[in-house]
Amino acid sequence: MALRLDGKQLAAKLEARLQQQIQTGLAAAGRSPGLAVLRVGDDPASAVYVRNKEKACARIGVESFGSHLPANASQQEVLTAIRALNADQRVDGILLQLPLPEGLDETPLLAEIDPDKDADGLHTLNLGRLLKGEQGPRSCTPAGVMVMLRDQGIDPAGKRAVVVGRSILVGQPMALMLQAANATVTVAHSRTQDLASITRQAEILVVAAGRPEMIGADHITPGCVVVDVGIHRRPEGGLCGDVRAEELEPVAAALSPVPGGVGPMTVTMLLVNTVVAWCRRHQVALDLSDLVV
């Protein structure tokens, strides 16, 4: 059976390290790290995500500065809220919770976030820093995948990696991070013809297509490492990912579960970005270099 890439267990271990980093640096910094999550509207899934992030902050000693604007908030009102958080010296990380209500344009709003406070790693400057291999906050989900692989001793160097999905949230930065780790990377997507012929070439397969259970045993070769980024609610109840896990478990060398795989690591990397920004702002010695992808 496939090795379980247990993101929940790893996230708990990393939270302990983050907590220790904060305790070590408090005297020099004079305050705890601060994370601000800006939510607009009342999307139920977003409300759950924000609560999870606030609980994670509380566990490790990060101050949470949540802001909640109504669904009818204007573009200017959201911009004003972001600018206030940019100026707030208590805040080291800012996250604009997506998706936004209809009528709001996320692109200029994300661009308004101070790049050094960009806890989600989605600012244009930080995506450019990733492309050039420069220091800066990284996109949380793909960074979490890289840390999961490293934790299990899975080195992408020299391996053939395939990423299914090309979103700016996951697929594109995932491909860049794998490439930076010296993998040979192919990006497949909704218009890729004969997808299985591409994915069967993968030694590392990251699936972030947003389509429930689209990848089965016929899509991989034995011994492939499979990371499932998707999460979906089945009509009959329960959750599933983008892969048919029961088919892949006997064939894959390693497989991330859904839930309990990539999801917890996404939240943890949000905390990593915030704590790293806090350390750099206050010249606190950083003991998290292995988590800075």
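**Contacts, burial and backbone geometry in a predicted model**

Serine 46 touches Arg39, Gln97, Leu98 and Pro99, leaving out residues up to four places away in sequence; contact means heavy atoms within 4.5 Å. The model is predicted: local features need pLDDT of at least 70, side-chain atom pairs count only at pLDDT 80 or more, and totals for chains, interfaces and linings use all residues. Residues are numbered from 1 along each chain as its sequence is written, and side-chain values use heavy atoms, with hydrogens and water left out.

Serine 46 lies in helix H2 (residues 44-60). Helices (H or I, at least four residues) and strands (E, at least two) are DSSP runs, numbered from the N terminus. Serine 46 is buried, because its relative accessible area is 3%. Buried means under 20% relative accessible area, exposed over 50%, and partly exposed in between (1.4 Å probe, protein chains only). A cis peptide bond joins leucine 98 and proline 99, with omega at about 5 degrees. Proline 99 sits in the loop between strand E5 (93-96) and helix H4 (106-112).

The protein as a whole has ten helices and twelve strands. Its radius of gyration, taken over C-alpha atoms, is set against a globule rule of 2.2 Å times the number of residues to the power 0.38. A compact globule of 293 residues would have a value near 19 Å; the protein has 19 Å, which agrees. The C-alpha trace spans about 55 × 45 × 35 Å along its principal axes. Buried residues make up 51% of the 293 residues. Of the contacts with a separation of 6 or more, 71% come from residues 24 or more positions apart.

Asparagine 126 is found in helix H5. Its relative accessibility is 1%, so asparagine 126 counts as buried. Beyond its neighbours within four places in sequence, asparagine 126 contacts Pro115, Asp118, Gly121, Gly136, Pro137 and Arg138. Its side chain also makes a polar contact of 2.7 Å with that of arginine 129. A polar contact is a pair of N or O atoms within 3.5 Å; within protein, one must be able to donate a hydrogen and the other to accept it, and residues adjacent in sequence count only if both atoms are side-chain atoms.

Arg129 is also touched by glutamine 135, as is Arg280, not counting residues up to four places away in sequence. The side chains of glutamine 135 and arginine 280 are joined by a polar contact of 3.4 Å. Glutamine 135 occupies the loop between helix H5 (124-132) and helix H6 (140-151). With a relative accessible area of 54%, glutamine 135 is exposed. Glutamine 135 and valine 292 are 157 residues apart in sequence, yet 8.6 Å apart in space, C-alpha to C-alpha.

In helix H7 (residues 171-180), the buried residues are Gly171, Pro173, Met174, Ala175, Met177 and Leu178. The buried residues of H7 pack against H5, H6, strand E6 (160-164), strand E7 (184-188) and strand E8 (204-207). Just after H7, asparagine 182 has a positive phi of about 75 degrees.

Most residues other than glycine have a negative phi, and most peptide bonds are trans. Aspartate 194, not a glycine, has a positive phi of about 50 degrees. Aspartate 194 lies in the loop between E7 and helix H8 (195-199).
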